[in-house]
Amino acid sequence: MIGESHGGLQSPLSEGKVRALGRRMRLGAGQRVLDVGAGTGALTVLFAKEFGCQIRAVESCAEFVAAGTERARRAGVEELVEYVTCDAAELALEAEAYDAALCIGAAWVLGGFVKTAEALRATVRPRACLPNVGLPGCDG
Ligand SMILES: C[S@@+](CC[C@H](N)C(=O)[O-])C[C@H]1O[C@@H](n2cnc3c(N)ncnc32)[C@H](O)[C@@H]1O
């Protein structure tokens with residue numbers, strides 16, 4: 001079940017799970033994180049606030065980008081969150097540019113789960129964490 005009422009997350013996660021995920025990813029201040037399919041930014045902003053990492057949030061829906069940008073501003077982390085409005089498939093992903101990359105609830109966006117995982121893998125430094133979670137029936 002996707003419960004947006006729980007802190008605004010648009011995926012089947014709770015804030016507790018997001019915090020646990022961030023700890024597992026060993027996120028920290030100064031790290032660069034890519035969040036593909038960031039939605040309205042509940043996870044993005046929580047990561048920025050809790051761990052102090054810098055997040056590039058990629059989202060194709062302009063309304064969600066506006067909501068996420070406002071969420072970051074209200075949480076006082078607007079300097080840590082950079083939204084990019086585009087189809088993730090149009091992203092030019094540089095090699096080893098990020099300390100971590102995630103794609104939660106949108107694993108199909110770069111051509112299916114495996115291709116998305118491969119693309120994210122190439123854009124993070126070696127041995128970085130890569131949470132990539134899809135939704136049933138959405139793997140293109
Ligand atoms: C299920 S929501 C998950 C949002 C967020 N990751 C979370 O956990 O709260 C999936 C998001 O992916 C976005 N999305 C879908 N296709 C996309 C694409 N091709 N490029 C970028 N974002 C996309 C949707 O607009 C939506 O905001």
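**Strands, crossovers and core in a predicted model**

Author: In this predicted model, Asp35 stands opposite Leu102, which belongs to strand 4.

Reader: What makes strand 1 and strand 4 a pair?

Author: Two strands pair if DSSP finds at least two bridges between them, and strand 1 and strand 4, which run parallel, are joined by 3 bridges; the pairing therefore meets the cut-off of at least two bridges.

Reader: How do you know that strand 1 and strand 2 pair as well, and in which sense do they run?

Author: The pairing of strand 1 with strand 2 is in the parallel sense and extends over 5 bridges, against a requirement of at least two, and within it Arg32 stands opposite Gln54 of strand 2. Between these two strands the chain passes through helix 2, and this β-α-β crossover is right-handed.

Reader: Why is strand 1 called largely enclosed?

Author: A residue is buried if 20 or more other C-beta atoms lie within 10 Å of its own; 4 of the 5 residues of strand 1 are buried, and so the strand is largely enclosed by the rest of the structure.

Reader: Which strand is joined to strand 2 by 5 bridges and forms with strand 2 and helix 3 a β-α-β unit, and what is the hand of that unit?

Author: Strand 3 runs parallel to strand 2 and is joined to it by 5 bridges, with Val58 standing opposite Val84 of strand 3. Together with helix 3, these strands make a β-α-β unit that is right-handed.

Reader: What makes the set that includes Val33 and Val81 a nonpolar core?

Author: A nonpolar core consists of buried residues of listed nonpolar types joined through C-beta atoms within 7 Å, and the largest such set here has 40 residues, of which Val33, Phe47, Ala48 and Val81 touch the most other members. Strand 1, helix 2 and helix 4 are among the elements that each supply at least two residues of this core, while helix 2 contributes its largest share, 7 residues.

Reader: How do you know that Val81 is in contact with Ala72?

Author: Contact requires C-beta atoms within 7 Å, and, leaving aside neighbours within four places in sequence, the residues in contact with Val81 include Ala72, Ala48 and Ile55.

Reader: What makes up the shell around the ligand?

Author: The ligand is surrounded by 20 residues, the closest being Ser11, Gly37, Gly39, Ala88 and Gly105, and the shell divides into 12 nonpolar, 6 polar and 2 charged residues. Helix 2 and strand 2 each supply at least two residues of this shell.

Conventions. Residues numbered from 1 in each chain as written. Predicted model: local features only at pLDDT ≥ 70, side-chain atom pairs only at ≥ 80, totals over all residues. Near = placed C-beta within 6 Å. Nonpolar A, V, L, I, M, F, W, Y, C, P; charged D, E, K, R; others polar. Buried ≥ 20, exposed ≤ 12 C-beta atoms within 10 Å, placed from the backbone. Contact = placed C-beta atoms within 7 Å. Right-handed = clockwise from strand over helix to strand, strands pointing away.
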